[in-house]
Amino acid sequence: MITQEVFDNNLSGILKVHPLKVVVAVSGGSDSMALTILTHNWAIKNGIELTALTVDHNLRKESKSEAETVHKWCEKYGIKHQILTYTGPIPTSNIEAVAREYRYKLLTDFMKKNSINYLFIAHNQDEQCETFFLNLSRGSGVYGLCGMPSISQRFDINIVRPMLLFTKSEIKEFLTSISQDWIEDPSNSDTKYKRVRIRNLKELTSSLELSNDRLNNTMKNMERVRDCVEFFVSECIKKSVISNNSKLVIDKDVLLYYPEEIVLRSLAKLLQTFANTDYPPRFESLENLSSKIKNMQLGHGITLSKTKISFDKAKNIVFEPEIGRGKKTAGKI
């Protein structure tokens, strides 16, 4: 059952410190409406400035009127609210992924402009389990089967998911109890989307006793494995990096001493940090790179993540900016 006290206690466990300002993304769906109301009450109690943002994605003719409806609902509670309208080209393929990218861009651009670095979004427990099955269908490893974290970082923004504790039915019960309506997105029942087809498997998974609780336990087990991997990745990087200036020099023998999973994850982190990119390279590319390093087949060098990778005379691995590209300021390795 959702109560303000349960929500507040959950947030206390997620956040190390209370931020001064927070943005909550609200589409008008049941999840985001409940999140916005609960976060508003929490923010008032803790003296935190809250802004609710709705993205009018222009993908459906109703999107503008829905955004205006959300604005009226927020006004009713005294919640500061703004509508961000997407005016770029409408995607014709991979619509969900493209829409998600421009939605995050609109939200994070607003946040950077207003010096806000905490974004609350409304993923719930059912969506967490759907994500597990989605990643399983893609052949994901340990990291993909951990599910979505309660807090993560993207574009220097802290993304907080306080609703992972609650099921969809609990969220709707909460809104009904306070007489608050919500908007039903028709895409949530459109079986052309893989997530919806997985959602429709709920009855089958229940018959197999694959309850949310059991799936969450599996994801927690995967998290422990991921944390173990991360520990050895940090150790591998610390021991294998020889120098990190304009070029990054890595001791090949130290790197390859570790199991393959640690080598691949270390290469991913090293490349992402050196190239200062938002995402690591695709895993297939990392496996190819690892194989070439093991077999001394880098030749005159290969390029990955805008980085030239080669051997020096001592057979150490060298990362340097791709010719013709200036290296952005990278984080410390």
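Buried means under 20% relative accessible area, exposed over 50%, and partly exposed in between (1.4 Å probe, protein chains only). This is a predicted model, in which local features need pLDDT of at least 70 and side-chain atom pairs count only at pLDDT 80 or more, while totals for chains, interfaces and linings use all residues. Residues are numbered from 1 along each chain as its sequence is written, and side-chain values use heavy atoms, with hydrogens and water left out.

**Exercise 1.** State whether Cys 74 and Cys 146 are buried or exposed, and how many disulfides the structure has.

*Solution.* Step 1: Cys 146 has a relative accessible area of 2%, so Cys 146 is buried. Step 2: the value for Cys 74 is 1%, and Cys 74 is therefore buried. Step 3: a search of the whole structure for disulfides (pairs of cysteine sulfur atoms within 2.5 Å) returns 0. Step 4: for the protein chain of 333 residues, 43% count as buried.

**Exercise 2.** Describe the largest nonpolar core and the elements that give residues to it.

*Solution.* Step 1: a nonpolar core is a set of buried Ala, Val, Leu, Ile, Met, Phe, Trp, Tyr and Cys residues joined through side-chain atoms within 4.5 Å. Step 2: the largest one has 32 residues, and Phe 7, Leu 15, Trp 42, Phe 120 and Met 163 have the most contacts inside it. Step 3: elements giving two or more residues include helices H1 (4-14) and H2 (30-46) and strand E1 (21-25); helices (H or I, at least four residues) and strands (E, at least two) are DSSP runs, numbered from the N terminus. Step 4: H2 supplies the largest share, 7 residues. Step 5: another core, of 26 residues, lies apart from this one and includes Leu 248 and Ile 262.

**Exercise 3.** Work out how H1 and H2 are oriented to each other, and which residues meet.

*Solution.* Step 1: the axes are lines fitted to C-alpha atoms, for helices over the stretch in contact, with angles from 0 to 180 degrees between N-to-C directions. Step 2: H1 and H2 pack at about 75 degrees, their axes 10 Å apart. Step 3: angles under 35 degrees count as roughly parallel, over 145 as roughly antiparallel, 65 to 115 as roughly perpendicular and the rest as oblique. Step 4: H1 and H2 are therefore roughly perpendicular. Step 5: Gln 4, Phe 7, Asp 8 and Leu 11 of H1 meet residues of H2, among them Leu 35, Leu 38 and Trp 42, where contact means heavy atoms within 4.5 Å.
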